[in-house]
Every structure is written in C-alpha cells, then in structure tokens.
Amino acid sequence: MSNALFTSLVGEFDRLRARFPAGFDSSLTLPCLRRIQEERGYVAEEDIDALTAYLGVPRIQVEEVLSFYTQFRREPVGRFHLEVCRNVSCSMRGAERLIRHLHDKLGVAIGGTTADGRFTLKTCECLGSCGTAPVMVVNDEYHENMSPEKADELLGRLG
Ligand code: FES
C-alpha cells in the first residue's frame with residue numbers, strides 16, 4: 001500500500017541518513033517518527049510499516065520508541081492538542097482545577113476531542129517545568145503558571 005506522506009519525506013530521511021555512520025540506520029527511528037508526526041499529526045500504522053521497511057529494523061523497535069516517548073500520538077487529535085501536566089508540582093498548584101475547568105468548558109472527557117475537531121484534552125506526566133506549575137502544552141508550545149482564567153483567554157485566542 002502506498003503511503004504518500006511517507007514518500008514525501010523520504011528525500012529528507014535520505015539526507016539525514018547520509019549524516020550517520022554506516023550501520024546506524026536504527027538511530028534514525030526517533031527523528032523520522034518526529035517528522036512523521038509533525039506532518040500527519042500522529043503516527044499511523046502505515047507509517048510504522050513504511051518506516052520499518054525503510055530502515056530495515058524490526059517493527060518492535062519502532063513500537064518501543066513510540067511507547068517510550070509519550071509525546072508520540074497513535075491516533076488523530078484535534079487541531080489544538082491540549083496536554084495538562086498532573087504530576088505533583090502541577091497538582092499542588094492547581095492542575096486538577098484547571099483540568100476540571102477545561103473538561104467542563106470543552107464538554108469532553110480526558111482523551112476526548114470536541115465535536116468540531118478543534119480541541120483534544122489530555123493529561124500528561126511532568127513536563128520538566130515544575131517551577132512554573134501548573135503547565136499546559138498546546139501543540140508542543142508551553143503555557144506556564146496556568147489558571148482557568150488564563151486557559152479561557154488562551155482558548156479564545158486560538159480561535
Ligand atoms: S510536575 Fe508539572 S511540569 Fe513538573
């Protein structure tokens with residue numbers, strides 16, 4: 001089966017591959033997956049098939065990378081992907097209130113996407129920015145010292 005998105009990235013992957021020593025193709029797994037997700041929004045089954053064939057690595061190796069790095073998505077998400085940290089520092093500084101607020105405002109459960117496909121709400125583990133808790137990431141952009149009021153203002157701007 002052809003994978004147009006993967007095919008469009010092969011030239012870029014070839015250039016990346018040329019920078020690695022021979023025999024280290026498996027090291028391309030992570031950067032290739034990142035580019036696939038940037039383009040598609042998530043990593044589809046057909047992308048895993050194409051990447052394992054391209055790199056000549058066992059499928060389990062790609063699956064392991066996908067399951068280890070939680071930023072990888074295996075399913076489509078909304079146009080704006082909201083991830084709220086609920087680890088200790090963020091929880092102590094209001095993350096649970098923020099999550100509840102977003103849940104009520106958007107009318108979706110954690111992991112859900114609004115009917116118009118605009119917002120997906122998820123929670124995540126520590127984002128490494130505990131000093132500015134609570135933290136929310138929207139499409140890989142950090143928003144720190146968040147509150148329900150700041151979230152309302154942010155969602156309004158995202159349009
Ligand atoms: S606990 Fe939330 S960023 Fe560390």
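Reply: Let's start at isoleucine 110, which counts as partly exposed because it has 13 C-beta neighbours inside 10 Å. The scale behind that goes like this: 20 or more other C-beta atoms within 10 Å of a residue's own make it buried, 12 or fewer make it exposed, and anything in between is partly exposed, with C-beta atoms placed from the backbone. Keep in mind that this is a predicted model, where local features need pLDDT of at least 70 and side-chain atom pairs count only at pLDDT 80 or more, while totals for chains, interfaces and linings use all residues. Numbering starts from 1 along each chain as its sequence is written.

So where does isoleucine 110 sit? You'll find it in the loop between α6 and β2. Those labels are DSSP runs numbered from the N terminus: helices are H or I with at least four residues, and strands are E with at least two. Leaving out residues up to four places away in sequence, isoleucine 110 touches Leu121, Lys122 and Thr123; touching, or contact, means that the C-beta atoms, placed from the backbone, lie within 7 Å. With lysine 122, twelve residues along the chain from isoleucine 110, the C-alpha atoms are separated by 5.2 Å.

That leads us to strand β2 (residues 119-124), which pairs in the parallel sense with β1 (residues 80-85) over six bridges. Pairing here means that DSSP finds at least two bridges between two strands. β1 and β3 (residues 136-138) run antiparallel, joined by three bridges.

Now zoom out to the whole sheet. It is open, has four strands in the order β2-β1-β3-β4, and its pairing is mixed. β2 and β4 (141-143) are at the edges with a single partner strand each, so one side of each has no neighbour in the sheet. From one strand to the next, the twist averages 25°. β3 and β4 run antiparallel and share three bridges, with methionine 136 partnered by histidine 143 in β4. Helix α6 packs on the sheet and touches β1 and β2, its direction making about 150° with that of β1. Those angles use lines fitted to C-alpha atoms, for helices over the stretch in contact, and run from 0 to 180 degrees between N-to-C directions.

What about the inside? The largest nonpolar core has 16 residues, and Val84, Leu98, Leu102 and Val135 have the most contacts inside it. Such a core is a set of buried Ala, Val, Leu, Ile, Met, Phe, Trp, Tyr and Cys residues joined through C-beta atoms within 7 Å. β1, α6 (95-106) and β2 each supply at least two residues of this core, and α6 gives the most, with four. Val135 touches Cys85, Cys90 and Tyr142, among others beyond four places away in sequence. A second, separate core has ten residues, including Phe6, Ile36, Leu51 and Val62.

Definitions and conventions. Two residues are in contact if their C-beta atoms, placed from the backbone, lie within 7 Å.
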